[in-house]
Amino acid sequence: MSASYRLIPRFLTQAEREGLCALEAGGAGWVPGRQGTGYSKRALERDGLVERALGEMAGGMAGAGVEVLEWDAWLLDYPAGVGIPPHTDPLRDGSHLRLNVLLIGDGAAFYLDGPGRLPLIAAGDALIFRPDAMRHGVHAGTGARRVWSVGCRAGRAGDGRGT
(Lines give C-alpha, C1' and ligand atoms only; values in the text may rest on other atoms or scores of the structure.)
Protein backbone atom coordinates (compact mmCIF):
# COMPACT_ATOMS: atom_id res chain seq x y z
CA MET A 1 0.00 0.00 0.00
CA SER A 2 1.27 3.49 -0.76
CA ALA A 3 2.06 5.96 1.99
CA SER A 4 -1.27 7.67 1.43
CA TYR A 5 -4.24 5.43 0.68
CA ARG A 6 -5.62 2.73 -1.59
CA LEU A 7 -9.03 2.88 -3.25
CA ILE A 8 -10.83 -0.35 -4.23
CA PRO A 9 -13.79 0.37 -6.52
CA ARG A 10 -16.99 -1.64 -5.94
CA PHE A 11 -15.64 -3.53 -2.90
CA LEU A 12 -19.19 -4.22 -1.67
CA THR A 13 -22.09 -5.20 -3.89
CA GLN A 14 -25.42 -3.42 -3.74
CA ALA A 15 -26.92 -6.42 -1.90
CA GLU A 16 -24.12 -6.34 0.70
CA ARG A 17 -24.62 -2.58 1.20
CA GLU A 18 -28.38 -3.03 1.56
CA GLY A 19 -27.85 -5.76 4.16
CA LEU A 20 -25.62 -3.48 6.25
CA CYS A 21 -28.02 -0.55 5.88
CA ALA A 22 -30.92 -2.69 7.14
CA LEU A 23 -29.64 -2.25 10.71
CA GLU A 24 -31.76 0.66 11.95
CA ALA A 25 -29.84 3.65 13.31
CA GLY A 26 -30.76 4.44 16.89
CA GLY A 27 -31.91 0.88 17.58
CA ALA A 28 -30.34 -1.69 19.90
CA GLY A 29 -26.55 -1.79 19.89
CA TRP A 30 -25.95 1.80 18.69
CA VAL A 31 -23.81 4.03 20.94
CA PRO A 32 -22.49 7.60 20.59
CA GLY A 33 -19.25 7.88 18.58
CA ARG A 34 -16.05 8.50 20.55
CA GLN A 35 -15.40 11.87 18.87
CA GLY A 36 -18.56 13.26 20.51
CA THR A 37 -19.83 15.14 17.44
CA GLY A 38 -23.27 13.54 17.08
CA TYR A 39 -22.56 10.42 15.04
CA SER A 40 -23.34 6.94 16.35
CA LYS A 41 -21.66 3.58 15.89
CA ARG A 42 -22.57 -0.07 16.18
CA ALA A 43 -20.04 -2.86 16.73
CA LEU A 44 -20.20 -5.75 14.28
CA GLU A 45 -19.13 -9.36 14.61
CA ARG A 46 -16.45 -11.00 12.51
CA ASP A 47 -18.11 -12.45 9.42
CA GLY A 48 -17.27 -13.09 5.78
CA LEU A 49 -17.31 -9.38 4.90
CA VAL A 50 -15.00 -8.50 7.79
CA GLU A 51 -12.69 -11.37 6.80
CA ARG A 52 -12.57 -10.02 3.25
CA ALA A 53 -11.68 -6.53 4.53
CA LEU A 54 -8.96 -7.87 6.84
CA GLY A 55 -7.57 -9.89 3.92
CA GLU A 56 -7.36 -6.76 1.77
CA MET A 57 -5.54 -4.90 4.53
CA ALA A 58 -3.18 -7.81 5.27
CA GLY A 59 -2.40 -8.14 1.56
CA GLY A 60 -1.19 -4.54 1.48
CA MET A 61 1.13 -4.78 4.50
CA ALA A 62 4.81 -4.68 3.64
CA GLY A 63 7.30 -7.08 5.19
CA ALA A 64 7.36 -10.76 5.99
CA GLY A 65 5.97 -11.76 9.37
CA VAL A 66 3.44 -8.90 9.61
CA GLU A 67 -0.02 -9.98 10.69
CA VAL A 68 -3.33 -8.66 12.01
CA LEU A 69 -3.01 -8.60 15.82
CA GLU A 70 -6.37 -7.00 16.70
CA TRP A 71 -9.40 -5.87 14.73
CA ASP A 72 -12.71 -4.02 15.03
CA ALA A 73 -15.70 -3.53 12.75
CA TRP A 74 -18.34 -0.80 12.96
CA LEU A 75 -21.30 0.73 11.23
CA LEU A 76 -21.06 4.51 11.51
CA ASP A 77 -24.17 6.65 11.15
CA TYR A 78 -23.78 10.38 10.45
CA PRO A 79 -27.00 12.43 10.56
CA ALA A 80 -27.21 15.47 8.28
CA GLY A 81 -24.87 18.23 9.44
CA VAL A 82 -22.63 15.93 11.53
CA GLY A 83 -18.92 15.43 10.86
CA ILE A 84 -15.64 14.70 12.63
CA PRO A 85 -12.79 17.22 12.91
CA PRO A 86 -9.32 16.30 11.59
CA HIS A 87 -7.44 13.91 13.88
CA THR A 88 -5.11 10.91 13.99
CA ASP A 89 -5.61 7.64 15.87
CA PRO A 90 -2.17 6.87 17.35
CA LEU A 91 -1.13 3.47 18.69
CA ARG A 92 1.53 2.58 21.24
CA ASP A 93 2.91 -0.07 18.90
CA GLY A 94 2.18 -1.60 15.53
CA SER A 95 0.42 0.03 12.60
CA HIS A 96 -3.24 1.00 12.39
CA LEU A 97 -5.00 0.23 9.12
CA ARG A 98 -8.63 1.00 8.32
CA LEU A 99 -10.93 0.10 5.45
CA ASN A 100 -13.98 2.37 5.11
CA VAL A 101 -16.84 1.81 2.67
CA LEU A 102 -19.50 4.40 1.95
CA LEU A 103 -22.89 2.67 2.10
CA ILE A 104 -25.17 5.67 1.55
CA GLY A 105 -24.60 9.41 1.28
CA ASP A 106 -22.07 11.88 -0.12
CA GLY A 107 -18.73 10.38 -1.13
CA ALA A 108 -16.97 13.73 -0.83
CA ALA A 109 -17.57 13.87 2.94
CA PHE A 110 -14.45 11.89 3.97
CA TYR A 111 -11.04 13.56 3.69
CA LEU A 112 -7.38 12.79 4.30
CA ASP A 113 -4.58 15.30 4.87
CA GLY A 114 -1.47 13.96 3.25
CA PRO A 115 0.13 13.08 -0.05
CA GLY A 116 -2.16 12.82 -3.03
CA ARG A 117 -5.75 13.92 -3.44
CA LEU A 118 -8.59 11.75 -2.28
CA PRO A 119 -10.87 10.87 -5.21
CA LEU A 120 -14.64 10.98 -4.94
CA ILE A 121 -15.77 7.76 -3.28
CA ALA A 122 -18.88 6.09 -4.70
CA ALA A 123 -21.21 3.88 -2.68
CA GLY A 124 -19.56 0.47 -2.33
CA ASP A 125 -15.99 1.73 -2.86
CA ALA A 126 -13.43 0.88 -0.16
CA LEU A 127 -10.74 3.24 1.07
CA ILE A 128 -7.79 1.74 2.95
CA PHE A 129 -5.57 4.18 4.86
CA ARG A 130 -3.35 4.56 7.94
CA PRO A 131 -5.33 6.53 10.57
CA ASP A 132 -2.32 6.48 12.91
CA ALA A 133 -0.14 8.21 10.30
CA MET A 134 -2.61 10.41 8.40
CA ARG A 135 -4.89 13.16 9.64
CA HIS A 136 -8.41 12.38 8.56
CA GLY A 137 -11.96 13.51 9.22
CA VAL A 138 -15.49 13.77 7.93
CA HIS A 139 -17.01 17.01 6.57
CA ALA A 140 -20.38 17.90 8.06
CA GLY A 141 -22.64 16.96 5.15
CA THR A 142 -26.05 18.16 4.13
CA GLY A 143 -27.43 14.62 4.03
CA ALA A 144 -27.22 11.51 6.20
CA ARG A 145 -24.37 9.06 5.59
CA ARG A 146 -23.72 5.47 6.63
CA VAL A 147 -20.19 3.98 6.60
CA TRP A 148 -18.94 0.42 7.18
CA SER A 149 -15.53 0.59 8.85
CA VAL A 150 -13.09 -2.26 9.59
CA GLY A 151 -9.80 -1.57 11.34
CA CYS A 152 -6.84 -3.55 12.53
CA ARG A 153 -3.62 -3.22 14.45
CA ALA A 154 -0.87 -4.91 12.49
CA GLY A 155 2.57 -5.87 13.71
CA ARG A 156 5.19 -8.59 13.85
CA ALA A 157 3.97 -12.14 14.39
CA GLY A 158 3.97 -13.06 18.09
CA ASP A 159 3.43 -9.47 19.29
CA GLY A 160 0.15 -9.81 21.16
CA ARG A 161 0.43 -6.55 23.10
CA GLY A 162 -2.74 -4.49 23.27
CA THR A 163 -3.31 -1.04 21.78
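A residue is called buried when its relative accessible area is under 20%, exposed when over 50%, and partly exposed in between (1.4 Å probe, protein chains only). This is a predicted model, in which local features need pLDDT of at least 70 and side-chain atom pairs count only at pLDDT 80 or more, while totals for chains, interfaces and linings use all residues. Residues are numbered from 1 along each chain as its sequence is written, and side-chain values use heavy atoms, with hydrogens and water left out.

**View 1. His-87 sits in strand E5, residues 84–87.** Strands (E, at least two residues) and helices (H or I, at least four) are DSSP runs numbered from the N terminus. With a relative accessible area of 14%, His-87 is buried. Its side chain comes to 2.9 Å from the backbone oxygen of Pro-85. Setting aside neighbours within four places in sequence, the contacts of His-87 (heavy atoms within 4.5 Å) are Arg-34, Gln-35, Met-134, Arg-135 and His-136.

**View 2. The largest nonpolar core has 23 residues.** Such a core is a set of buried Ala, Val, Leu, Ile, Met, Phe, Trp, Tyr and Cys residues joined through side-chain atoms within 4.5 Å. Look for Phe-11, Leu-99 and Trp-148, which touch the most other members. Helix H2 (48–59) and strand E4 (66–78) are among the elements giving two or more residues. The largest share, 5 residues, comes from H2.

**View 3. A second, separate core holds 16 residues.** Its members include Phe-110, Leu-112, Ile-121 and Val-138.

How values were computed
Polar contact = N/O pair within 3.5 Å; in protein donor to acceptor, adjacent residues only side chain to side chain.
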